[in-house]
Every structure is written in structure tokens, then in C-alpha cells.
Amino acid sequence: MTMDASARLTFLKQYAIIRHAEGRGSEDPEYYRALPWCDLSGKNTEQWRIRARSYRHFERTVLKDLERARQRPLRILDLGAGNGWMSNRLRQRGHHSIAIDIFTDSLDGLGALRHYESPIDGVTAEFDVLPFRDDSIDLAIFNSSFHYSADYRRTLSDVRRCLRPDGQLVIIDSPVYAKPDHGEQMRAERQAAFAQTYGFRSESLGSIEYLDEPLLASLASEFGVEWQRAYPWYGLRWALRPLQARRQGRRPPSRFFILTGRFRQTGGQT
């Protein structure tokens, strides 16, 4: 099921406005080649610090185990790849990573792939309509992107189709809440902030924008997904966010962790 063409066009226009206003991208190839370890623009340093710690933890807790088990280059989908920095890092480790996105912007989308020293395959595609053969992918990674899905069930269904029987799904840096109400509060706050800052609410695609614990349990049951979690350390200030929110009477903040999913091959199939 493909997304509505007019909604897609609206989303891409609005997303470009937001990302450019945030100072994403550069005309300097070294900006991209330094990611995620260093934000040479200095405009989104804190966010890249989080991305770097998440990626390093992913390398240690997920990727190295897969590399030892397979003993060969992995075929990887980098879903919601943006400017392709993760595909670049995975290519440097010897894997065949394919950058997938609908955003082809020259600064912050697939158009930025030209800046890397080694060629990266970029494919313009939606999460729910992936142009890959069944059972052909070792690892599907949503890097700060799974929450852009408008229908997690359709997204998981197509990812499961593409994965090999022993393949894995990894979700990195998507906000997770204990309760759906907290996620909905975040979503309302975010849309209100967009409306005030940019003059639009950025909800044209109907992205869900968060995960919550009951939903993760439901997806696990429905799809036969066995979730494993890994918790990067983002620093003391990050760890104290829940305490500060309680003291100030605000909703609990999101949690970031690395979710690794394996689809059981018997039972739980849709």
C-alpha cells in the first residue's frame, strides 16, 4: 500500500523546511564523513552525541555478534537513512548496506550520498513497500526512523517478508513511553510547536511518532517478535530527566534504547 501522493509531497516539503531550519547538512563532504562522531557544523551537537552513543552501543551489542555468527558481509537495509551516515559506517565494516528513504534532499536526504568516499546504494522507497526479494536481507535497521511509520503493522509485515529466516530487525533512537497517553501528549506538544514555529503541524503522513510498552507487547504477540533491549549510557543529565520531569509536574520524557527483534518461524504469524 503506497502513501497518498499529495500527502507525500506535502510531507517532503514540510520536512525539508524543518530540517533546513535546524541547520542539517553541509556542502562540505567532511561534515558527512565525520558523522556520527562529530558534528562539524556545530548546529546539532547534542543530538549527534546521542546518535554516536547509540551507534557505538549497537556495534558492541548487536552488530559484532552478527558478524561473528555469519562470518561474511551482511546485506543490510538502512531504513529512513537520511543522509546515509550509518550506511557509510556499515560499508566501512565491509557490509553491503542499502540506504532507504523517501527524502532525496541534497543536504539531508539520499542526495547527500554523493559525499562519501565509497559509493553507497540509495533507494527511494517507503517502509511498507520495500523493493527487495523475500528472504534476502540479514539485518533491517530503523535508525531514528521507525516512528515515522503511519502503520507499524504494515511496516513490520514487509520487513519480515524481506528478512532471511535468521535475520534481525533493529530499532534505534525511536522514542518509547511507558503509556500511550504520554506519547500522545508528546505528539500534541510537538505539533503545537511546529505550528507556532513553521506555520504547519507536520502531520500530513500521519506518522505515529512514538512507541509505547503496551504496543510493543501487542506487536510481539501478533508478529511473533522476540524483543531484546540494550541500553546505551547517554550521561547523567539524560538519566536524571525522569526525576526532573516529576519534580516539575511534567509528563515523563521518552526513553531511548536499542530494540532487536527476531521473528519466530512457527506460530504468531499474521
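A residue is called buried when its relative accessible area is under 20%, exposed when that area is over 50%, and partly exposed in between. In this predicted model, cysteine 38 has a relative accessibility of 35% and therefore counts as partly exposed. Cysteine 162, by contrast, is buried, because its relative accessible area is 1%.

A disulfide is a covalent bond between the sulfur atoms of two cysteines. Such a pair is counted when the two sulfur atoms lie within 2.5 Å, and by this rule the model has 0 disulfides.

The account now turns to the strands. An open sheet is built from 7 strands, arranged in the order E3-E2-E1-E4-E5-E9-E8, and its pairing is mixed. At its edges stand strand E3 (121–124) and strand E8 (225–230), each of which pairs on one side only. From one strand to the next, the twist averages 20°. Within this order, strand E1 (residues 75–79) pairs with strand E4 (residues 137–143) in the parallel sense, over 4 bridges. Isoleucine 76 stands opposite leucine 139, a residue of E4.

Finally, the empty space deserves attention. Rolling a probe the size of a water molecule over the atoms shows where such space is left. The second largest pocket has a volume of about 190 Å³. Its lining comprises 13 residues, and those nearest the centre are Tyr234, Trp238, Ala239, Arg255 and Phe256. Helix H8 (236–239) and helix H9 (241–247) are the elements that contribute two or more residues to this lining. Sorted by class, the lining of the second largest pocket holds 10 nonpolar, 1 polar and 2 charged residues.

How values were computed: Residues numbered from 1 in each chain as written. Predicted model: local features only at pLDDT ≥ 70, side-chain atom pairs only at ≥ 80, totals over all residues. Heavy atoms only, no water. Buried < 20%, exposed > 50% of the residue type's maximum accessible area, 1.4 Å probe, protein only. 1 Å grid on protein atoms, 1.4 Å probe; cavity = no way out; pocket = protein on both sides within 12 Å on 5 of 7 lines; lining within 4 Å. Points joined across faces, edges and corners; volume = space filled by probe spheres on them. Nonpolar A, V, L, I, M, F, W, Y, C, P; charged D, E, K, R; others polar. Pairing = 2+ DSSP bridges. Axes fitted to C-alpha atoms, helices over the stretch in contact; angles between N-to-C directions.
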